[in-house]
Amino acid sequence: MYMKTKLFLALLLINIASSVPQLAHADEDAETQLQQAATGATFKIGATAFRLVPNARVEKLDKNASVQDKPKAELARIGQYSISLASGTTSNTAKATGATKLAGGATHSEPFAVAVNQRSGAPALLTSRLKVYCKETGEASTLAQASKGKVLLASSGAQLLILDYASPAEALAAMPLLQNHRCVKAVEPEIHQSFARSDQLKRR
């Protein structure tokens, strides 16, 4: 009985060891697929460039979902959000922006776009918000109105405005106008990344 148990454990360890390279290879393949699909517009946060994935899909999973519960087509996951590539044709908006509404839509109406960090190769979720570093936060309403956004936050201490737009595409389109305003020092899109896979970006 002891020998059978020992043999069983040895075989189990061998099986686990052999599966690790396969899992790692699968992760690399998924990351490569996203990187190759990143053919959209490019934007920067600090010195790091990101490129949009036009045919990406984002699905919000149940908060109790585990890694084993991932959707069949999932290529990456950031928090509760599963990222995959859409098959077939997509709408003109999705093609242009890489943005799709989350599955179910009722619990979270904000559209996301998917982008790939050109430094690390890791995916990121691009939101419809911009961080505007402005010396005169009293200009918040003026900036929001001029760029067709709305003010979510105006912090005079941090000299920071958070402006929200109808979509990630509209947020990116508003950046040049905001950057040309006299009080604006910098404008950055808001993104969500998986910090387990990449270091948190810092403004430079």
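Tyr-81 is buried, its relative accessible area being 13%, in what is a predicted model. The ring of Tyr-81 forms a tilted aromatic pair with Phe-112, at 5.2 Å centre to centre and with 50° between the planes. Because Tyr-81 belongs to strand β5 (residues 81-85) and Phe-112 to strand β7 (residues 112-117), this pair ties together parts of the chain that are 31 residues apart in sequence.

**Aromatic pairs**

- A search of the whole structure finds two aromatic pairs, one of them between Phe-43 and Phe-50, which are stacked with 5.4 Å from centre to centre and 10° between the planes.
- Phe-43 has a relative accessibility of 5% and therefore counts as buried, the cut-off being under 20%, and Phe-50 is likewise buried, with a relative accessible area of 0%.
- In the tilted pair of Tyr-81 and Phe-112, Phe-112 is buried because its relative accessible area is 1%, and Tyr-81, at 13%, is buried as well.

- The antiparallel strands β3 and β5 are joined by five bridges, and Glu-59 has Ser-82 in β5 as its bridge partner.
- As a general point, strands of a sheet pair through backbone hydrogen bonds, in either a parallel or an antiparallel manner.

**Helix α4**

- Helix α4 contains 12 residues and spans 17 Å from its first C-alpha to its last, which is close to the 16 Å expected at 1.5 Å a residue.
- The buried residues in α4 are Pro-168, Ala-171, Leu-172, Ala-174, Met-175 and Leu-178, and they lie on the same side of the helix because they cover an arc of only 165° around its axis.
- In general, an α-helix has 3.6 residues a turn, so residues three or four places apart point the same way.

**Loop residues**

- Ala-166 sits in the loop between β10 (160-164) and α4 (168-179), and with a relative accessibility of 56% it counts as exposed, since the cut-off for that class is over 50%.
- Although Ala-166 and Gly-149 are 17 residues apart along the chain, their C-alpha atoms are separated by 7.6 Å.
- Lys-148 is placed in the loop between α3 (140-146) and β9 (150-155), where it is exposed with a relative accessible area of 72%, and its phi is near 65°, a positive value in a residue other than glycine.
- Gln-159, found in the loop between β9 and β10, also has a positive phi, of about 50°, although it is not a glycine.
- With a relative accessible area of 27%, Gln-159 is partly exposed, whereas Lys-148 is exposed.

Technical notes
Residues are numbered from 1 along each chain as its sequence is written. This is a predicted model: local features need pLDDT of at least 70, side-chain atom pairs count only at pLDDT 80 or more; totals for chains, interfaces and linings use all residues. Side-chain values use heavy atoms; hydrogens and water are left out. Helices (H or I, at least four residues) and strands (E, at least two) are DSSP runs, numbered from the N terminus. Buried means under 20% relative accessible area, exposed over 50%, partly exposed in between (1.4 Å probe, protein chains only). Rings of Phe, Tyr and Trp (its six-membered ring) pair if their centres lie within 6.5 Å; planes under 30 degrees apart count as stacked, over 60 as edge-to-face and the rest as tilted. Two strands pair if DSSP finds at least two bridges between them. The expected span of a helix is 1.5 Å times one less than its number of residues. The arc is that of the directions from the helix axis to the C-beta atoms.
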